[in-house]
Amino acid sequence: MADNSSAIVTGLTAAALLTVGVLGHRAAANAPAAPHADRADTARTALRADRDGGSPAAPPKGSGRGPRVVYDLGDDRVWLVGSGGEVRRTFTVSPSTVDPEPGTYRVTSRSKNITGSDGVPVEHVVRFASNDGTAIGFSAAVDGSAPHLDPRIRTGGIRETREDGEAMWRFATIGRAVVVVR
């Protein structure tokens with residue numbers, strides 16, 4: 001009888017943990033990194049990027065320190081910055097119809113292959129923010145296409161090439177900082 005009871009308890013515990021994990025994943029994909037009004041002062045320094053010299057090879061001054069992804073809304077450009085401040089890769093992206101607010105975020109979830117909010121199959125999805133219920137993240141269209149933006153439809157997919165998407169996937173693991181500047 002004791003063996004039967006422990007099997008039931010183990011099964012119920014596993015089911016509860018699975019349910020909590022799924023609900024936590026869904027909540028993380030749709031929750032903002034922090035309330036806009038309460039972001040740390042260090043994030044506010046990145047609100048307006050200093051493009052001293054205008055070189056796309058270097059991330060904007062004031063975009064933070066340490067390993068991070070820097071996304072410049074004004075130039076539609078991304079930098080993958082290593083722990084020593086070295087730029088590992090920089091590339092342009094196609095923006096979504098919904099932009100994240102400038103500030104510092106963390107990668108909250110990732111999906112290897114899904115269908116984007118515009119109905120296009122995408123890969124290497126790296127989510128880091130939410131804006132009024134729209135999840136925002138980087139992704140690459142499997143067919144290599146750029147998004148066809150309809151301003152009436154809220155989409156949060158920032159599109160990159162498949163090669164850039166693979167580099168982002170390897171670099172931007174869960175918890176990695178994403179700094180958004182304007």
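## Aromatic pairs

In this predicted model, three aromatic pairs are counted. One of them joins Tyr105 and Phe128: the ring centres are 5.7 Å apart and the planes meet at 70°, so the pair is edge-to-face. An angle over 60 degrees is what places a pair in that class.

Tyr105 belongs to strand 4 (residues 103-106), while Phe128 belongs to strand 6 (residues 121-131), so this contact ties together parts that are 23 residues apart in sequence. Tyr105 is buried, with a relative accessible area of 1%. Phe128 is also buried, at 0% relative accessibility.

## A stacked pair

Phe128 takes part in another aromatic pair, with Phe138. The two rings are stacked, with 5.2 Å from centre to centre and 25° between the planes. This pair links distant parts of the chain, since Phe128 is in strand 6 and Phe138 is in strand 7 (residues 134-141), ten residues apart. Phe138 has 0% relative accessibility and therefore counts as buried, the cut-off being under 20%.

## The cluster

Tyr71, Tyr105, Phe128 and Phe138 are linked into a cluster by ring pairs. The edge-to-face pair of Tyr105 and Phe128 and the stacked pair of Phe128 and Phe138 both involve residues of this cluster.

Methods:
Residues are numbered from 1 along each chain as its sequence is written. This is a predicted model: local features need pLDDT of at least 70, side-chain atom pairs count only at pLDDT 80 or more; totals for chains, interfaces and linings use all residues. Side-chain values use heavy atoms; hydrogens and water are left out. Rings of Phe, Tyr and Trp (its six-membered ring) pair if their centres lie within 6.5 Å; planes under 30 degrees apart count as stacked, over 60 as edge-to-face and the rest as tilted. Helices (H or I, at least four residues) and strands (E, at least two) are DSSP runs, numbered from the N terminus. Buried means under 20% relative accessible area, exposed over 50%, partly exposed in between (1.4 Å probe, protein chains only).
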